[in-house]
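Hello,

Here is the structure I promised to hand over. Please open it first, then read my notes alongside it.

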Amino acid sequence: MSKKKTLHVPDAPFRPGEKPDFSNLELPKAGDAKKPKIMVEPSEIRDLAFSLVRVLDDKHEAVGPWDPKLDASVLKKGLRHMSLLRIFDDRMLTMQRQGKLSFYMKSLGEEAVAIAQGMALRSDDILFPSYRQPGLQFVRGRDIVDMICHCITNVKDNVKGRQMPVHYSWKEGNFVSISSPVGTQFPQAVGCAMASAYKGEDNVSISWVGDGTAAEGDFHYALNFASVYKAPVLLNVVNNQWAISTHKNISSGGATFAARGIAYDVPSIRVDGNDFLALYSVTSWAAERARKGGGPTFIEVFTYRGEAHSTSDDPTRYRPKDEWKSWPLGDPIERLKAHLIGLETWSEKEQNKLEKELDALVIKSYKEAEKHGTLSEGPWAPEDTLFEDVYKKPPRHLRKQRQEFGF
Amino acid sequence: MSQMNIIQSVNSALDIILEKDPNVCIFGQDVGYFGGVFRCTDGLQKKYGKHRVFDTPLSEGGILSTAIGMGINGLRPVAEIQFSDYIFPAFDQITNELAKLRYRSGGEYWAPVTVRTPCGGGIRGGHYHSQSPEAYFTHTPGLKVVIPSNPHDTKGLLITSIEDDDPVIFFEPKRLYNGPFDGDHKKAALKWDIHPKGEVPEDYYSIPLGKAAIERPGNQITVLTYGTMVHVAREAAESSGIDAEVIDLRSLVPLDIDTITESVRKTGRCVIVHEAPRTSGFGAELSAQIQEECFYHLEAPIARVTGWDTPFPHSLEWEYFPSQERVIESMKKVLGS
């Protein structure tokens, strides 16, 4: 074959039919990454943008300076939330396949992101999630029935049936309405954090985008504004390797995503996204720094998207079917469970019991939610709500259109 | 009362609202220390502090997105986009985020952001300092769109816009900043210092959105217009002797359809004048609404005098810019004379 010079277009490392082999992936040892003091100069910790903060080692023991030394009760709570998220996702997917939901998006393999990071925050910290962090709501105690009412778009959906499933909004939980255009929430979180600083409050804002979204302009706006105004914000890129079929090799030609933060003089830390303890620890560090006036932290959460992008996606068309199983950083739930079992405070038996209990809870909640209707059969939000909330009060032309419609 | 130009009336409105509401903050490119390239925020940073009136990076998308975040967290941001020609990098944040936030969250979240942005031509600004992009925003449910034409209205409408809990795109016709402009660029530039609408109360006052003003009463024909073209249309009526009723819409969304229909039913004839290109310009919407509401009162087809469907030119600015002559010609045609 001739080697004619032409445009370089990168590819994913493995395609369907190939055997995924991640042995070339550089994985620093658990416990190796240093933990800086809270108010460190960003320039002193540039290595953390190329390293990987890991606490749980291959034996599932917590090692190194980033070990948050959490009480077993906190870890069990984390395990419960992650297990609930996975079971909830499974049930919702099943219901979607049965036509009860128009659409769904799972968090498989990324459960630790929302749960560990959510648990490391205060309840008055303001969340600007993407669609892959619905688990934050479990952390903050949202009624599961309400979540399902949104997903099946019935009359009790608090966003009045206006958004596709998984586009939650929950003001009481400081969980800001999710938007489909990716990345728009990233600089909004920065503005929100600027407002906290303006008011002299010490709550922080936090946002998540994916590796694919790191190519959007909003990503740059966020980092730049956060850096300029030293906003108390935590900006996370959840690098789960895939944006629908776009591999991160197409999203970025850079070394690591975290490395981009260095140019903005923002502390930038790369963390194992499947390690509950590491995620909790890095998030606590960044939140404390922000509360003390140290400004933003940029975090690359290194993980793998275990499922399809959404129910409208078929990943077997573009990646090996079992690629997730080969991911060298494992499964976040299995790892935290093994850690707890190692501490002799948990057992497979208790896990099985917990999973059964959670599954029953989800089924019961689903049945309860269904009493308020479904997307296919209704009841939905009353028809006149079509014209509500466009403005605080409908102006004349909308009132007229509402009349024309019959109300 | 004092005599103010539009720059001073904007400044006065911002001054009053900064004093009145500690949650108002003002930001944009060059607006802080320097006081804005058009001087609209002159002195405000010094008076209220850097955290309330501040400079931003050159990033329209960043300005709008952070404004939304601030609005979500209880502030009442007033963002400046230096020229409305540069608003497009923020288009997604304005149309998909700011405009839809209240709706998509079921009323849980909103952001009371006002975007101030100079618009329009007549300053030899070429196509990137002269555009009138208002129609893009009137096409987006959730936004309010305001365009004043004189210092008095500017202050009252800007105060109302900032205090409104809905997002407002507030266009400031930059050719009018220093004085009224009737379209005749060969005449010496006028100032607001002798104009009755240059008389501006120093204190707080507001003008409701969605109320048009009759700039010049008349019975023969209705001329609907806004921004700089209010002055072109009025002078066209004056100089031609046509008994035209010139209506300054002041806000496009919400639109004062009552004042429009009352006038058109009275005159039976209508000319719409705007600087923006014709195709899908706001005149198309006005024309549609008038035929819906006043079809049986119309004595002649509705006419539009607009910018051409070209980018805004530099050397041929006055060939593009709707002139009094074009307005008069159009009025005569509609009058059948």
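**The sheet in chain A**

In chain A, strand 2 (residues 205-210) and strand 3 (residues 233-239) run parallel and are joined by six bridges. One pairing to look for is A:Ile206, whose bridge partner in strand 3 of chain A is A:Leu234. Before you go on, note that this is a predicted model.

Five strands of chain A form it, in the order 1-2-3-7-6, with parallel pairing. Which strands stand at the edges? They are strand 1 (126-128) and strand 6 (268-272) of chain A. Each has a single partner strand, so one side of each is left without a neighbour in the sheet. Neighbouring strands are turned by 20 degrees against each other on average, direction ignored.

A helix covers part of this sheet. Helix 9 (residues 276-291) of chain A packs on it and touches strand 3, strand 6 and strand 7 (297-302) of chain A. The direction of helix 9 makes about 170 degrees with that of strand 7 of chain A.

**One residue in chain A**

Now find A:Gln137. It sits in helix 3 (residues 136-139) of chain A. Is A:Gln137 buried or exposed? It has 25 C-beta neighbours inside 10 Å, and the cut-off for buried is 20 or more, so A:Gln137 counts as buried. Leave aside its neighbours within four places in sequence. A:Gln137 is then in contact with A:Arg142, A:Met147, A:Tyr168, A:Trp170, A:Gly173 and A:Phe175. For a sense of scale, take A:Ala195. A:Gln137 and A:Ala195 are 58 residues apart in sequence and 23 Å apart in space, C-alpha to C-alpha.

**Chain B as a whole**

Chain B has twelve helices and 14 strands. Its C-alpha atoms fill a box of roughly 60 × 45 × 40 Å, taken along the principal axes. A compact globule of 337 residues would have a radius of gyration near 20 Å; chain B has 19 Å, which agrees. Buried residues make up 59% of the 337 residues in chain B. Look also at contacts between residues at least 6 apart in sequence. In chain B, 76% of these join residues at least 24 apart.

**The sheet in chain B**

Chain B has an open sheet of seven strands, in the order 3-2-4-5-7-6-12, and here the pairing is mixed. Its edge strands are strand 3 (53-55) and strand 12 (251-253) of chain B, and each pairs on one side only. The twist averages 20 degrees from one strand to the next.

Five of its five residues are buried, so strand 2 is largely enclosed by the rest of the structure. B:Val24, B:Ile26 and B:Gly28 point one way, and B:Cys25 and B:Phe27 point the other way. Strand 2 runs parallel to strand 4 of chain B, joined by five bridges, and B:Cys25 stands opposite B:Pro77. Strand 2 also runs parallel to strand 3 of chain B, joined by three bridges. In that pair, B:Phe27 stands opposite B:Phe54.

**Helix 9 of chain B**

Which residues of helix 9 (residues 257-267) of chain B are buried? They are B:Thr259, B:Ile260, B:Ser263, B:Val264 and B:Thr267. Just after helix 9, B:Gly268 takes a positive phi of about 75 degrees.

**Where the chains meet**

The contact takes 37 residues from chain B and 37 residues from chain A. On the side of chain B, helix 3 (60-72), helix 4 (91-98) and helix 5 (101-104) each supply at least two residues. Helix 3 of chain B gives the most, with nine residues. By class, this side of chain B has 14 nonpolar, 16 polar and seven charged residues.

Best wishes

Technical notes
Residues numbered from 1 in each chain as written. Chains lettered and ligands numbered in written order. Predicted model: local features only at pLDDT ≥ 70, side-chain atom pairs only at ≥ 80, totals over all residues. Contact = placed C-beta atoms within 7 Å. Helix = DSSP H or I, 4+ residues; strand = E, 2+ residues; numbered from the N terminus. Nonpolar A, V, L, I, M, F, W, Y, C, P; charged D, E, K, R; others polar. Buried ≥ 20, exposed ≤ 12 C-beta atoms within 10 Å, placed from the backbone. Rg over C-alpha atoms; globule rule 2.2 N^0.38 Å. Pairing = 2+ DSSP bridges. Axes fitted to C-alpha atoms, helices over the stretch in contact; angles between N-to-C directions.
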